[in-house]
Amino acid sequence: MKRFAALILLSVVVFSGQLSSVGAQTAVAPAPSLTLPKAEGSIKFLAIGDTGTGGPLQAELAKVMESYRKVFPYEFVILVGDNMYGGEKAEDFKKKFEDPYRPLLDAGVKFYATLGNHDESNQRFYELFNMNGEEYYRFKKGDAVFYSLNSNYMDKRQIKWIGDEMGKDKADWKIAFFHHPPYSSGGRHGSSGDLRSILEPLFVQNGVDVVFTGHEHFYERLKPQKGITYFVTGAGGKLRAGDVKDNSPMTAKAFDTDLSFMLVEIVKDTMHFQVISRSGATVDSGTIRHRDD
Amino acid sequence: MGNRTALIFAFVLLWAFTSSVEGQTTRVASDKKVITKFESDAERIHVQRETLRSRVPKISVDATPAEIETNKRSLLEAMALARKDAKMGELFTSDAKKLIRKIIQTELKGWKRDELRKTVLQETRGVVLNVNSVYPPSRELVEMSPSLLLALPQLPRSMRYRFAGQYLAILDRDTGIVIDFMKNALA
């Protein structure tokens, strides 16, 4: 009888242990919950940067990206640079990019890269980065044109190209993405003021609506600057915890306590965004109306 | 008397103005000469490099990582061999160095200079440069100031200016080979 009671007690302990273990998993990775409209025919993508460590944090965040794709089937990902840290041998491409994002790649998600300060220019040839052999390039999705720029080396040729291409494009949405943030409240780097002095007039003149950048290992949404919304989304593989300056007058919202990525959906003249942390929680969301030309 | 004083004053003013303009013109003309030589030397190195590139395994715009690595290594070996006798000062001659330091001082003032110095010293500490060696692949490259790039002599597509510590280097874009470098660029 004592033996039977002990068996019952043991079963209860094991069973409750399993329950608490499930509970713990749920607390770490809640079921994906969307604030985005998920409209038929909309442009759906993900924005992320500073990913390429090949480490466990990048892998964990990649799993959350994958889980969110089940409820929000984004078609492509923009990478805002630092796609590979510390060397670029063939095995690095596998470890720091292909392995973590294998489920997304297998599902047909396209990645469009831009170069960060840790990236070699040879990445422009890599088939899975879709750069078509160019350090700066553009592509179109529905009513939106995306400009991937090389902020490492903004020379005369590139500045002319930006002016020419943006001037020609008549798209509703003009979206630029590159590595160094023209505006940032980061303590380590901060705003790239010199870059801003060259790019901002071009963006304003040519009706750029939104800019995605990285370099800073946190998330920040800046208050609109001259009508343009700037995002820093550079916590895709590394985190610089607590780096966002307190009470920065430029910050609309910041998150610097965990890794994160952005889900973005464009429905006609509205861009919806939702920022997801490594735990699966939503840390920012909102909408942006495109600028009237 | 008054008229004579006024005449002399006007003459002195005219002389001072024309001397100043002449000085500027001479300086600009000599700068142009230095820039032309610098750019044509850079172009010569670029042409040599492109010839070497045409001889190594081709790379497509949808290459695999292994193809990228092979192409880079082949080009690097070919360039290192072809430039084995290259020496410091091939592009940064003493005239070029003088001019480039002047351009840097003119273009990078105040916050621009502080911003760049802070980043360069922070991110490239300990990087050692030698002509024809490779910039350490595991070390990051500091972004170049766009306004400075607009003012510096123009380089062919295959070459890049880069700051590392107190040095300004010219690197090959795809292999990272140091083509040339000068000291005390940000002094």
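Biologist: How many bridges join S1(A) to strand S2 of chain A, and do they run parallel or antiparallel?

Modeller: Four bridges join S1(A) to S2(A), residues 76-79, and the two strands run parallel. Two strands pair if DSSP finds at least two bridges between them. Helices (H or I, at least four residues) and strands (E, at least two) are DSSP runs, numbered from the N terminus. Please note that this is a predicted model: local features need pLDDT of at least 70, side-chain atom pairs count only at pLDDT 80 or more, and totals for chains, interfaces and linings use all residues. Residues are numbered from 1 along each chain as its sequence is written, while chains are lettered from A and ligands numbered from 1 in the order in which they are written.

Biologist: Which residue is the bridge partner of A:Ala47 in S2(A)?

Modeller: The partner of A:Ala47 there is A:Ile78.

Biologist: Is S1(A) mostly covered or exposed?

Modeller: S1(A), residues 43-48, is mostly covered, with six of its six residues buried. A residue is buried if 20 or more other C-beta atoms lie within 10 Å of its own, exposed if 12 or fewer, and partly exposed in between; C-beta atoms are placed from the backbone. A:Ile43, A:Phe45 and A:Ala47 point one way, whereas A:Lys44, A:Leu46 and A:Ile48 point the other way.

Biologist: Changing topic, where is A:His272 found, and why is it classed as buried?

Modeller: A:His272 is found in strand S12 of chain A, residues 270-277. A:His272 is buried because 21 other C-beta atoms lie within 10 Å.

Biologist: Which residues is A:His272 in contact with, sequence neighbours aside?

Modeller: Leaving aside neighbours within four places in sequence, its contacts are A:Leu36, A:Pro37, A:Glu265, A:Val267 and A:Thr287. Two residues are in contact if their C-beta atoms, placed from the backbone, lie within 7 Å.

Biologist: Finally, how many helices and strands are there in chain B?

Modeller: Chain B has five helices and three strands, in the order α-α-α-α-α-β-β-β from the N terminus. Of its 187 residues, 28% count as buried.
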